[in-house]
Number of protein chains: 2
Amino acid sequence: MGRGRVVLERIENKINRQVTFSKRRSGLLKKAFELCVLCDAEVALIIFSSRGKLFQYSSTTDINKIIERYRQCRYSKPQAGNSLGHNESQNLYQDYLKLKAKYESLDRKQR
Amino acid sequence: MGRGRVVLERIENKINRQVTFSKRRSGLLKKAFELCVLCDAEVALIIFSSRGKLFQYSSTTDINKIIERYRQCRYSKPQAGNSLGHNESQNLYQDYLKLKAKYESLDRKQR
DNA sequence: TCAGCTATGTATAAATA
DNA sequence: TTATTTATACATAGCTG
């Protein structure tokens, strides 16, 4: 876009890199928003600049909801690569949540 | 883009909505990737379609790294006191084991 | 569904103020 | 710097096969 074809590599000039970051970041956030509205999707977008500044977009009030949903979805998978031994439920994250609930329940009793 | 101006509201026609979702999703993922490469940024992008299918992009091998960095940044404190969050190890399985140990310890005390 | 096509609207790199 | 402008490249809505 703009003048000249985009070469896909790190922009070495620091000024240009920052300007481009600023423009493309806002473009990306806008497009994320549009995708949500137009297509009824749920989107979470986290961006860190090279200097560590945080930007984010979330289609829900709480981005953590989407992250949790992501984890449910991700770790519910058969975990082909993860041979750490959750062979029965095949679901480490579910196990984790169950255990957490048990722990908290026991903790309450304890007090 | 394309023929006719985009109206920013949910696309009611289901077929059109799915087609648009597919196209814009790939566009969004591409732009996220480009932002990372061109501007040396770190990006995590999670998308759920309206029917619950998951798509994601991450500039690092493990998207959880970015999520954790986000939490560190967002909630400021490293959350040292809360060993139930996945804040430090960034490793669900490690967390699971730690929690299991705590649970068992508490359980023993209880008896 | 699933790719191409293409006319048109957008995003944005570079220039300018 | 930062904001605005402009020229161009890019993305994509509606089609078509």
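What follows is a chat about the two chains and some of their residues.

Me: What should I know about the model and the numbering?
Reply: This is a predicted model, where local features need pLDDT of at least 70 and side-chain atom pairs count only at pLDDT 80 or more, while totals for chains, interfaces and linings use all residues. Residues are numbered from 1 along each chain as its sequence is written, chains are lettered from A and ligands numbered from 1 in the order in which they are written, and side-chain values use heavy atoms, with hydrogens and water left out.

Me: Thanks! Which pattern does chain A follow along the sequence?
Reply: Chain A reads α-β-β-α-α. That comes to three helices and two strands; helices (H or I, at least four residues) and strands (E, at least two) are DSSP runs, numbered from the N terminus.

Me: How much of chain A is made up of buried residues?
Reply: Of its 111 residues, 39% are buried. Buried means under 20% relative accessible area, exposed over 50%, and partly exposed in between (1.4 Å probe, protein chains only). Chain A exposes about 6900 Å², with carbon and sulfur atoms supplying 49% of it; the areas come from the Shrake-Rupley method with a 1.4 Å probe.

Me: Now the helices. At what angle do α1(A) and α1(B) cross?
Reply: Roughly 160°, and the axes of the two helices, residues 14-39 in chain A and 14-39 in chain B, come within 10 Å. That makes α1(A) roughly antiparallel to α1(B), a label for angles over 145 degrees. The axes are lines fitted to C-alpha atoms over the stretch in contact, and angles run from 0 to 180 degrees between N-to-C directions.

Me: Is that crossing left-handed or right-handed?
Reply: The crossing of α1(A) and α1(B) is left-handed, as the term applies if the near helix is turned anticlockwise from the far one by less than a right angle.

Me: And which residues make the contact?
Reply: From α1(A), they include R17(A), F21(A), L28(A) and L35(A), and from α1(B), R17(B), F21(B), L28(B) and L35(B) are among them. Contact means heavy atoms within 4.5 Å. The contact residues divide into 12 nonpolar, two polar and 10 charged. Here Ala, Val, Leu, Ile, Met, Phe, Trp, Tyr, Cys and Pro count as nonpolar, Asp, Glu, Lys and Arg as charged, and the others, Gly among them, as polar.

Me: What about phi of D40(B)?
Reply: D40(B) has a positive phi of about 60° although it is not a glycine, and its relative accessibility of 37% counts as partly exposed.

Me: Is A41(B) buried or partly exposed?
Reply: A41(B) counts as buried, because its relative accessibility is 10%. This residue sits in the loop between α1 and β1 of chain B. Leaving out residues up to four places away in sequence, A41(B) touches F21(A), F48(A), S50(A), L35(B), C36(B) and S59(B).

Me: Last one: what does L8(A) touch?
Reply: Not counting residues up to four places away in sequence, L8(A) touches F33(B), E34(B), V37(B) and L38(B). L8(A) is found in the segment before α1 of chain A. V6(A) lies in that segment before α1 too, and its contacts beyond four places in sequence are M1(A), R24(A) and L38(B).

Methods
Angles under 35 degrees count as roughly parallel, over 145 as roughly antiparallel, 65 to 115 as roughly perpendicular and the rest as oblique.
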